[in-house]
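Colleague: I would like to learn how to read a few features of a protein model. Could we go through them one by one?

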There are 2 protein chains.
Amino acid sequence: MKLLPLFISSLSVSLRSANALWPVPRNLEKGTSHLLLSPSFDIQVEGVAFSDVPGDLQGAIGRTKTRLWEDRLGRLVPGRGQSDLQASAAPGSLSLLTLSIKPPPGEGKGAKVPSITSEVLKDVSARDESYSLHVPADGAPARISANSSLGLLRGLGTFEQLWYWAEKGGEAGTGVVYMHEAPVVVKDDRPAYPYRGFMLDTARNFFPVPDIKRTLDAMSMVKMSQFHWHVVDSQSFPLEVPEFPELAQKGAYSEKEKYSTQDVQDIVKYAAERGIDVLMEIDIPGHTAILAESHPEHIACLHASPWSQYANEPPAGQLRLASAATADFTVALISAIASRLPGTLFSTGGDEINQNCYREDAQTQKDLKESGKTLEQALDGFTGRVHEAVRGRGKRVVVWEEMALEHQVGLANDTVVMVWISSKNAAKVAKKGFHVVHAPSDYFYLDCGAGEWIGNSAGTNSWCDPFKSWQKAYTFDPLASLTKDQASLVLGGQQLLWAEQSSPENLDSIVWPRAAVSAEIFWTGPRLPSGASRSVGEALPRLHDIRFRMVQRGVKAIALQPLWCALRPGQCDS
Amino acid sequence: MKLLPLFISSLSVSLRSANALWPVPRNLEKGTSHLLLSPSFDIQVEGVAFSDVPGDLQGAIGRTKTRLWEDRLGRLVPGRGQSDLQASAAPGSLSLLTLSIKPPPGEGKGAKVPSITSEVLKDVSARDESYSLHVPADGAPARISANSSLGLLRGLGTFEQLWYWAEKGGEAGTGVVYMHEAPVVVKDDRPAYPYRGFMLDTARNFFPVPDIKRTLDAMSMVKMSQFHWHVVDSQSFPLEVPEFPELAQKGAYSEKEKYSTQDVQDIVKYAAERGIDVLMEIDIPGHTAILAESHPEHIACLHASPWSQYANEPPAGQLRLASAATADFTVALISAIASRLPGTLFSTGGDEINQNCYREDAQTQKDLKESGKTLEQALDGFTGRVHEAVRGRGKRVVVWEEMALEHQVGLANDTVVMVWISSKNAAKVAKKGFHVVHAPSDYFYLDCGAGEWIGNSAGTNSWCDPFKSWQKAYTFDPLASLTKDQASLVLGGQQLLWAEQSSPENLDSIVWPRAAVSAEIFWTGPRLPSGASRSVGEALPRLHDIRFRMVQRGVKAIALQPLWCALRPGQCDS
C-alpha cells in the first residue's frame, strides 16, 4: 500500500476516470490503491456508547453498513471491475470507520450527541453540514469527523460512494466490496449554499408516501437539504387538516389519495433523519379552486370559462382576498398546517394571481368598495395577516417571485423569494434585499419539453420548451446576474417537478439523475477540487455513476447514454 | 333494459364521454344501459370442447376472464363510478360470452380450430383479424364471431375494455364489475392496415425479457400486430447465436445482458399468443462495430476518430461489404438467426452507411480494386446475397429507406421499406413500387426531445427535437403524400424507441400511452364510427382510459393531464 502524492488525485479527476463522487467534495485527495471492505466492518462513534448515539444517527449508520454490502455496483469500466479482482489480490482490508463529533460530548452521565434532526430543524443558514473524511490505504481505521450529526451523515454519504462490487469468478452472488482509489482524504467539505432542494407537486397528480420516501432517499444520496412540498393546488387538496377535515374529504382525488397528519409527520421525520428539511407550500391566493368543493364562499371566479382568461391553467378559482371572512379562514388554515410542521421555512406561494378573476367577482368588488381599498392594498392586507401567522409559528416566509416583483405587498426582510419565471429575475429580487432560492424555469423545470398537456391542442410544445437537459441545468450559474455584494443573499436552489404530466409511474425517471445536478451546483460551487471549473464533460462519468448507484437502490433513474458510452468516458463525446 | 336507437351511440362518442375503446372499432353502436358481470361469468367456444380449443386461444380466454375481475378500473368520472352503483341497482347480469369461429370447425373427431399463432405467422397482409361483437343489454349471452382465432383475440380485447369496477360502499376490495353502455354492437371490425407495430432497440441499452413481455402485453391491449426488435447494434450484441457463440460472449454488455435462443423462442411464442408477430432486425452493413469484439477482420474503420466522420453515432465500424469472407460470414450469421424465427418478415436494416469509413479502409479499397467494383456495386452484391439468404428462409426482406432511395441496390418487389428520415419520403418509396411501413422520425420517434446524449455538449437539443407528443403523432396521415394508386402499398406503421437515453427504468413511461396512437391510426383509419374524422379532442378521454387500464395491469404508462382533467373531459381544453 502506498500513499500517493496529492497531485495524483487531481490528475485522476482531470483525466475523467469513471470514479464518482456526487456532489464532488470541495476538497478531495485520492490515491490509486485498492482496499477491501472487511466482512467484520463496523462503524463506531468515538467516545459514545452506541446506545447513547441519537436514534437518527444510529439509523444512518445502520443504513450505511447495509448499503456497503447491498449496493453491489460494478465499476463503470468494461468488465465492470473484474480486472480489479486481480489488482486487489492482496489488498488492505478496512474493518472500522470511526465517527467523531467535535467538540466531543462531555464525559459521563448526561453526555449527549445532538441528533441529525435537531440540526436539520435549525434555520437553513445555521445548519452545520461540514465534515472531514480520511480513508487510509492500509486498512487502518477510517475516520469521519464533524461538528454535528448532520455533518457525520454527509460524510457517511461520501463514504458510501467510494465502494464498488466485483463478482468473484462468475459465482453469482459472491464477490468483494472494495474501493480502488485509496487513500481518500476529504478536508472540511461543506456546502457552498445551504438550500439544495427539490420541489414535488403532489396536487396535479397524487404521489403516495412510499414514492415521496424513495425520492427523499435519492435526495439524501446527493446531500440535498430541502424538500419543497407543493402539496395542494387548484386540482386537488390531498392534505388532511384536522381543523378543516372537509378540505381533503371533498378536495382529495379519492379516499386513498390523501396525506393524513400521520403521513405528514412520517415524511417530515423520515426526511429529517436523512438530512432534509421539509418546506411545505400552501399556495395562496391563486391556485385554490379546489377549496370551493367545501368552501365555495371563499373562492372567486370558480371554474370561470374560458379558464385561460381567469387562470394560468384550469380550473380557475382564487381566494377572495378582499373578504375579511376569507382572510380569517385562510389565516386559520395556514396556522393549523404550519403549527404541525417543525421546520423553519414555510411557503405561502403567491404566484400567478389573475386580475380578471377579481375584477369580475361581484363579492370581491363589493368588499373592495366597502373597505375603500384597491386590489393591491387588499392583497397587502391579506398577505400581511397570513405572513404574520406563519412568522408567529417561528417560521420564515417563502414566496414565489411575483410577491416581491409584481405586487405592492410588504414583505419581512428575511423573506425567501423563489425565482422561477426567468433566471434573470434573481437580480431584481436581490436588489430588493430578499434572500433568493433559484428555481428558474429556463434551467430547472423538470417537466418542460413533453408537449402541451392542455386538451384539444394538436402537437404544440410545452410552454417552457425545450426539455431542460442535465447539461443545460449544469451550466446554471447562481451568481450570474448578481453583484458581489448580492451573492450572500443566495440561499441555494432546486429543480422542480410540476406534475401535470407526471405520476408515480414516471416520477423517478423524470427526476433522476437530472435533479442531482442542482445538488452539485449548490454543494460544490463553481470549482472542482483541482481548481478547474465544473464542466459537463468532467461531470458525465460521475453522473453516470450516481445514476447507476440509484438504480441499485431501487430508484429508477434513467440512462443518460448507451451503456457502451457509460463504460468508456470520453469515447462518446462530440 | 332498453335497446337504444343507434344514433345514441354516435352521439355518445361525439359528446366525448370518458368511455373508452382503444383503438376505436371501425363500426360501433352503444347504448346507455348498465350491465353487471355475473360472478359465474364464463367464456365458451361454440361447438368445440374446451380441450379441443387451441392452447393459445385457451390462454387468451383465461387472461380475459382474469382481467375482467382484476383490472379494477374505476370509470374516469368524478367519484370514479360510485354513482353507477345506484344506477346499476337492478341491472342485467352477463354470465356467458360465446366465441364463434366462422366457418365452424368440422364435426366429430379431428375437428380443429386453428391457433392464434398460426394466423399470426402468415404473411402480414394475409392475416384475418376481423371480428364482430354483440353484448345485449339484458344479460343474454354475448357473442364474438370471427374467421380466425386471431380475430377472436381482437374481439376479446375490445370486450375487456368495456368493463369497469366500482367499489361497494367504501368496503375496500369488494365491488362490482359492470359496463354502462350496453348494448354494444361491433360489426365486422377489422384493421385499416395490417402492420401496426412498435420498435424497441435493445442494443444501446439492454431490456430484460420481462420488460419485453410487459411491452408485448401493452401492445396486445391496443391490437398491435408487429414487434420490430432492433436487437443488436454497434454498442452491444445481446443475441446468442449458437453457430456464433463468440458474438454475444464478447459483444453482450455482460453475461446477464443476453437473449438466449430460448429467450428468443419464448418471446416469439409469447408475442404470437397475443396476436403479435416478431420482426427481428440485424442491421447491416453499418451499425456493426460490436462484431469486431470477436471478428475484427470483418469490420472497417473500427472506433475511428473522430467518430462523427465515420458514423452517425459512436462507435464507428461497418462490415467490410466488399470482402467475400465478410459476405460469407454475414450470410451465415443472418441465415442462422433467420432460420430460427417463424415469422415472415426479417429486417437487414441498411441505414446510415458511411462512405468515409470505406474510403479510408485499406482492406475495402483493396477488395474493390481486385473485384473492379465500385462501392455501390459491392453493396449491391453484398445486399443481394444477404437478401437471397433471408428469402431462402421464406421471409420478406425489410429495409430502412436508404436502401431504396440512396443506394443502387436491387431489391425484390415485395421488399418492405421503413420510412424514417422524413414522413415525406414515403412518396418516393411508393413511387418505386415498394411496400411502405411508416416509421417517421418527425412523428413517431419516441426518444426525441430529451436533449443531446452525446457527451461534452452543454445544453443542445436532441437531433430530432422537439418531443413527439401523442397529439403530434395522432395527426399523422398515412396517405398524406401518396397518390390513390399508391395507397395499397402502405402496410401500416409504428412508433419506435431508440434506447440511447432509455433503459428498463423508463421503458413504460416513455412508450405508453404514446405508442398506442399509431395502433389506432392504423387500425381505425381516418374516421370514427360516427363518420367524423379522428381528432385529438375526441381521442383524449379514450387515451386517458386506456392509459389508466394499462397502469392497472402493471404497465407504468404516464399521466397525460392532472387527474382533475382526466375526470372531466373538455374542461381542460384550450
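Colleague: With which side chain does the side chain of A:Asp233 make a polar contact?

Modeller: A polar contact is a pair of N or O atoms within 3.5 Å; within protein, one must be able to donate a hydrogen and the other to accept it, and residues adjacent in sequence count only if both atoms are side-chain atoms. Here the partner of A:Asp233 is the side chain of A:Arg204, at 3.3 Å. This is a predicted model, where local features need pLDDT of at least 70, side-chain atom pairs count only at pLDDT 80 or more, and totals for chains, interfaces and linings use all residues. Residues are numbered from 1 along each chain as its sequence is written, chains are lettered from A and ligands numbered from 1 in the order in which they are written, and side-chain values use heavy atoms, leaving out hydrogens and water.

Colleague: Is A:Asp233 buried or exposed?

Modeller: Buried means under 20% relative accessible area, exposed over 50%, partly exposed in between (1.4 Å probe, protein chains only). A:Asp233 has 2%, so it counts as buried.

Colleague: Which residues of helix H11 of chain B are buried?

Modeller: Helices (H or I, at least four residues) and strands (E, at least two) are DSSP runs, numbered from the N terminus. In H11(B), residues 362–371, the buried ones are B:Thr364, B:Asp367 and B:Leu368. They lie on the same side of the helix because their arc around the axis is only 100°, taken from the directions from the helix axis to the C-beta atoms. The face turned away from that side carries exposed B:Ala362, B:Lys369 and B:Glu370.

Colleague: What follows H11(B)?

Modeller: B:Gly372 does, with a positive phi near 70°.
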